[in-house]
There are 2 protein chains.
Amino acid sequence: MGRRIIVIGSGAAGMTAASTAREHNKDAEISVFTEDEYIAYSPCAIPFVLEGKIKDFESIVMHTPEFYKKERNIIVHTKTKVTGVNLEKKVLTTSDGKEYAFDALIVATGGTVFIPPVEGINLPGVFTVRNIADGKAIQKAMKNAKSVVVAGAGVIGLEMAIALKHAGLDVTVIEMFPQVIPRIFDADMAKLVQDYCEQQGIKFVLNTPIGGIKGNGKVEKVVAGDKEYPCDFVIMATGVRANLEIPNMMGLDIGPLGAVRVSPTLQPYKKGRLVKDVYLAGDVIMVESAVVPGPTMSQLGSSAVRQGRVAGINAAGGYAFYPGVLSAFISKIGDLEAGGTGLSKGLAEYYGLNVVEGKATGLTRARYYPGGKKLTVKILVDRDTHKIIGSQIVGGEEITGRVNWLTAVIVKGTTVEEFVAAFENAYCPPTSMVMDVVNLAAEDAAKKL
Amino acid sequence: MGRRIIVIGSGAAGMTAASTAREHNKDAEISVFTEDEYIAYSPCAIPFVLEGKIKDFESIVMHTPEFYKKERNIIVHTKTKVTGVNLEKKVLTTSDGKEYAFDALIVATGGTVFIPPVEGINLPGVFTVRNIADGKAIQKAMKNAKSVVVAGAGVIGLEMAIALKHAGLDVTVIEMFPQVIPRIFDADMAKLVQDYCEQQGIKFVLNTPIGGIKGNGKVEKVVAGDKEYPCDFVIMATGVRANLEIPNMMGLDIGPLGAVRVSPTLQPYKKGRLVKDVYLAGDVIMVESAVVPGPTMSQLGSSAVRQGRVAGINAAGGYAFYPGVLSAFISKIGDLEAGGTGLSKGLAEYYGLNVVEGKATGLTRARYYPGGKKLTVKILVDRDTHKIIGSQIVGGEEITGRVNWLTAVIVKGTTVEEFVAAFENAYCPPTSMVMDVVNLAAEDAAKKL
């Protein structure tokens, strides 16, 4: 009999863990338990289906349970709730009373949207954006709606706001922080994104938490500050929290950021002691920052996949570790792309760093080559070490590669002087300026040191 | 009186050197001598003007001599040939017999196209692609022409071939090496580019040097191997050699690659001794590779700008050094982008390295997101050190950022295992796959070690 590996959760982390375990262990018995009906899709795609950029929800599903059975010999139990985990006996119980023994367990239960405890939050017409069922419900609600309030101006909130605006709705975004994309973007870069959204006709109410939702049997208006915002439905994009139901059931230690504390091998702790044969991955865990010593959350699809691989290798009997993260991200908000990596100024100062900012604006192509889009790059440098610690980029195209470029630069602890002297950029008039805006931003920072 | 700085050459290296010297020295007397009429433009743009992507040659000129005079207090002597340089007296002589004294001299005389010494090479209708005068002459020749031979299948040859094909000409590319983009691209990646060009209707004759050009008073056909190729004109894209007229006049030491040998401060040598107060930049110099100990040529606009900055700072009395290069490049060939950085397999093996290749093909967006373009990434790893030493990328969009990303990875001496474990990619369905093709290529290489 092969090693019995059980995965709880069928998101990017869970399904990657299962597939990776198979790659590393041909004989293992691998099974996945999930409450969801659809598996193996990217929730990041939901706003783009609603915007009409992607045809339908079916097309974002990469693989079916049948595919996993046939191609990878992985059994997926959909619509199945795990009700108990006995770590001593190594047995998992499901809601139908069945028991499943395991040699290794991977917990990838993901996250849930943080819902502020305000009046009316359970009224029909209040939606989150986590899974395909949510997406389909919003699609239905859009049909007869004229106006919507989006609570939360993070990247998911903004992607949803653009999708709903482009679908013809009147859209108001309400955010408790004084800027869009709070925490991970600085105010000046956030303003570029907000300006673009306002040009698209989206209204913003910043610095104002949601006070409540009112309506007679269904959503009719949102209360924020001293005003009421009439709307047909509400999108709660108020941040993701680790889904701790199963970790709590298992008695795992929870870290200061409200997620499961894990070792670099992604094993949990129980009363401070490392738990054997259990691994976690995805939105449910707290990880280490790659820039400063300290915990962070990295609730991104790309991080879930990387963590899933580590958990899968280790559960299969191999050895892998998960290093510190920068949480490199990219968001497409209408025709604008906004991405970042490493620390924002606010986060860096929270960690006690003395930050120097470099900034440059240019184009994505040579000035005279038609079609070039505006590009603004900000680079943050630690004044003590001169190392680049973060970057934020906003522009019309080709932002992703630049974010990855700077992620590599930060991971390797590069000083801004070294970047200016030794880091080339490829040049061709149709694809870049002769000195890329990234290089110009670094030069600007270097001059201020 | 301020420091007298003279620059010979008005290309990217020369004009950057002059402008950088001004930034670092407000009082200097700075002048530029050039045989050209137009200054401050990118020769890389010429194929795109001929293709009709850029409106006209005037629009690629970034600045006029008047701009430099007014905005930067730099005097540019156009259409002026330098006939003598006296290094002892620090005096430069021009063809009109005038003398100009200098405290620091920057030589940025660029390169010229290598013209094979074959019959008929001086016939009317044989063009090179180095400056705007060349471009205008080709534009004129295209008007009544039906067919053209492009000699040389490097990136300039291919960009020209596409431009001429898209203008309606019958195009044959003749290349002495058995592949397109020889030396800097491996055969498998070169094949992708050749296939695309052939789909566009371009014909290739590989592994065949040009034997001669025939015609009665003008080009009528090109001889290559045992065949003749009738054509109305010929583009010689047969590689760039350092323009050594002035360095030779100055008695500077020439390196083994046929270009001026320079120190990291970009100073030349004379009989093995460093020359004071003279700096060189651009296509005229030989530089050091950043990957292996050894000399290389980096005749790129982006390298010229970086070298120009170093020369300008040093000539102005500052201190800067030019580090080793990877020669990161990007070329847009019709709708295809082809870029690379570091060593090709052939070059790596020439340097005695044992190379492991990783390769992956995917898309520039999530599989289900409309408009994603095919993307092929190759990553080369040194089997002894496991360090990434080179990469080649071909695809329909967003190649430049990926080339810069891998350039950073190589500059910092990253092992492929470290890249796989710790280098994140930003993910969003409209701009990338959840694991970028770059990451997948690195994984493929890591598996083979």
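Reply: Happy to! In helix H10(A), the buried residues are Thr400(A), Gly401(A), Arg402(A), Val403(A), Asn404(A), Trp405(A), Leu406(A), Thr407(A), Ala408(A), Val409(A), Ile410(A) and Val411(A). Here a residue is buried if 20 or more other C-beta atoms lie within 10 Å of its own, exposed if 12 or fewer, and partly exposed in between, with C-beta atoms placed from the backbone. The helix is thus mostly covered, with 12 of its 12 residues buried.

Some ground rules first. This is a predicted model, in which local features need pLDDT of at least 70 and side-chain atom pairs count only at pLDDT 80 or more, while totals for chains, interfaces and linings use all residues. Residues are numbered from 1 along each chain as its sequence is written, and chains are lettered from A and ligands numbered from 1 in the order in which they are written. Helices (H or I, at least four residues) and strands (E, at least two) are DSSP runs, numbered from the N terminus.

Now for the helix itself. From its first C-alpha to its last, H10(A) reaches 16 Å over 12 residues, close to the 16 Å expected at 1.5 Å a residue; the expected span is 1.5 Å times one less than the number of residues.

What sits at either end? Glu398(A) counts as buried because it has 23 C-beta neighbours inside 10 Å.

Two packed helices are described by the angle between their axes and the distance between the axes. The axes of H10 (residues 400-411) of chain A and H10 (residues 400-411) of chain B come within 7 Å and cross at roughly 5°. Therefore H10(A) is roughly parallel to H10(B). Axes are lines fitted to C-alpha atoms, for helices over the stretch in contact, and angles run from 0 to 180 degrees between N-to-C directions. Angles under 35 degrees count as roughly parallel, over 145 as roughly antiparallel, 65 to 115 as roughly perpendicular and the rest as oblique.

Among the residues of H10(A) that meet H10(B) are Thr400(A), Asn404(A), Trp405(A) and Ala408(A), and the partners in H10(B) include Thr400(B), Asn404(B), Trp405(B) and Ala408(B). Residues are in contact if their C-beta atoms, placed from the backbone, lie within 7 Å. By class, this helix contact has six nonpolar, six polar and two charged residues. Ala, Val, Leu, Ile, Met, Phe, Trp, Tyr, Cys and Pro count as nonpolar, Asp, Glu, Lys and Arg as charged, and the others, Gly among them, as polar.

Finally, step back to the whole contact between the chains, which takes 55 residues from chain A and 55 residues from chain B. On the side of chain A that touches chain B, the elements giving two or more residues are helix H8 (301-315), strand E24 (329-333), strand E25 (336-342), H10 and helix H11 (416-422). The largest share of that side, 10 residues, comes from H10(A). The residues on that side divide into 33 nonpolar, 14 polar and eight charged.

Definitions and conventions. Two residues are in contact if their C-beta atoms, placed from the backbone, lie within 7 Å.
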